[in-house]
Amino acid sequence: MAGRHTIILMQPSPNRASRTFMDYNSINHALDGICGLYERKIRDINPMVPDITYDITDLYNFIDGLADISALVYDHSVQAFLPYDRQWIKQKLFQHLKKLAQR
């Protein structure tokens, strides 16, 4: 999954003006970026807690709480970005975090 340019399209709230995107060099970097967003949100809510912890269910709830999220992943074989939905992102996050936990 390295080297697959990935763009995360996100709308955190129902307000269309909240639409944004994040650009990454790989799917794994994009997944780390999504985790980082959630971790920043936790830190904003609990600024006095020195160490944050969460599980996959918390991360899924964060993703499900967004008005919209999707990914565009560059596929070299067709020379185009392919779209992926919220469920795909959650599946990839689970695989990514499981792989990191096994290290």
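Here are some questions and answers on how the labels used for this predicted model follow from its values.

The model is predicted, so local features need pLDDT of at least 70 and side-chain atom pairs count only at pLDDT 80 or more, while totals for chains, interfaces and linings use all residues. Residues are numbered from 1 along each chain as its sequence is written, and side-chain values use heavy atoms, with hydrogens and water left out.

Q: Why is Lys-90 called buried?
A: Buried means under 20% relative accessible area, exposed means over 50%, and partly exposed is in between, with a 1.4 Å probe and protein chains only. Lys-90 has a relative accessible area of 10%, so the residue counts as buried. Lys-90 lies in helix α3; helices here are DSSP runs (H or I, at least four residues), strands are E runs of at least two, and both are numbered from the N terminus.

Q: What is Lys-90 in contact with, leaving aside its neighbours within four places in sequence?
A: Tyr-60, Ile-63 and Asp-64 are in contact with Lys-90. Contact means heavy atoms within 4.5 Å.

Q: What makes the buried residues of α2 line one face of the helix?
A: In α2, residues 56-65, the buried ones are Leu-59, Phe-62 and Ile-63. Looking down the axis of α2, they fall within an arc of 95°, so they line one face. The arc is taken from the directions that run from the helix axis to the C-beta atoms. As for partners, these buried residues pack against α1 (27-45), β3 (68-75) and α3 (86-101).

Q: How do you know that Asp-55 caps the N-terminal end of α2?
A: A side-chain oxygen of Asp-55 lies 3.0 Å from the backbone nitrogen of Thr-57. A polar contact is a pair of N or O atoms within 3.5 Å; within protein, one must be able to donate a hydrogen and the other to accept it, and residues adjacent in sequence count only if both atoms are side-chain atoms. The 3.0 Å pair is within that 3.5 Å limit.

Q: Why is α2 called roughly antiparallel to α3?
A: The two helices pack at an angle of about 155°, with their axes 11 Å apart. That makes α2 roughly antiparallel to α3, because angles over 145 degrees get that label, while under 35 is roughly parallel, 65 to 115 roughly perpendicular and the rest oblique. Axes are lines fitted to C-alpha atoms, for helices over the stretch in contact, and angles run from 0 to 180 degrees between N-to-C directions. On the α2 side the contact is made by Ile-56, Leu-59, Tyr-60, Ile-63 and Asp-64, and on the α3 side by residues including Ile-89, Lys-90 and Leu-93.

Q: What makes α1 and α3 roughly perpendicular to each other?
A: Their axes come within 10 Å and cross at roughly 95°. That angle falls in the 65 to 115 range, so α1 and α3 are roughly perpendicular. Among the residues that meet there are Leu-31 and Cys-35 in α1, and Trp-88 and His-96 in α3.

Q: And why is α1 called roughly perpendicular to α2?
A: α1 and α2 pack at an angle of about 90°, with axes 11 Å apart. This makes α1 roughly perpendicular to α2. Ile-34, Cys-35, Leu-37, Tyr-38 and Lys-41 in α1 meet Asp-58, Leu-59, Phe-62 and Ile-63 in α2.

Q: How do you know whether Gln-11 is buried or exposed?
A: Gln-11, in strand β1, has a relative accessible area of 9%, so the residue is buried under the 20% cut-off. A polar contact of 3.2 Å joins the side chains of Gln-11 and Arg-19, and the Gln-11 side chain also reaches the backbone oxygen of Pro-14 at 3.2 Å.

Q: What makes Met-10 count as buried?
A: Met-10 sits in strand β1 (residues 6-11). Its relative accessibility is 9%, so Met-10 counts as buried. Met-10 touches, among others, Met-22, Leu-37 and Ile-69, not counting residues up to four places away in sequence.

Q: Why is Pro-50 called exposed?
A: Pro-50 is in the loop between α1 and α2. With a relative accessible area of 66%, over the 50% cut-off, Pro-50 is exposed.

Q: What makes Gln-79 count as exposed?
A: Gln-79 is in the loop between β3 and β4 (80-84). At 64% relative accessibility, Gln-79 counts as exposed. Its phi is near 50°, a positive value in a residue other than glycine.
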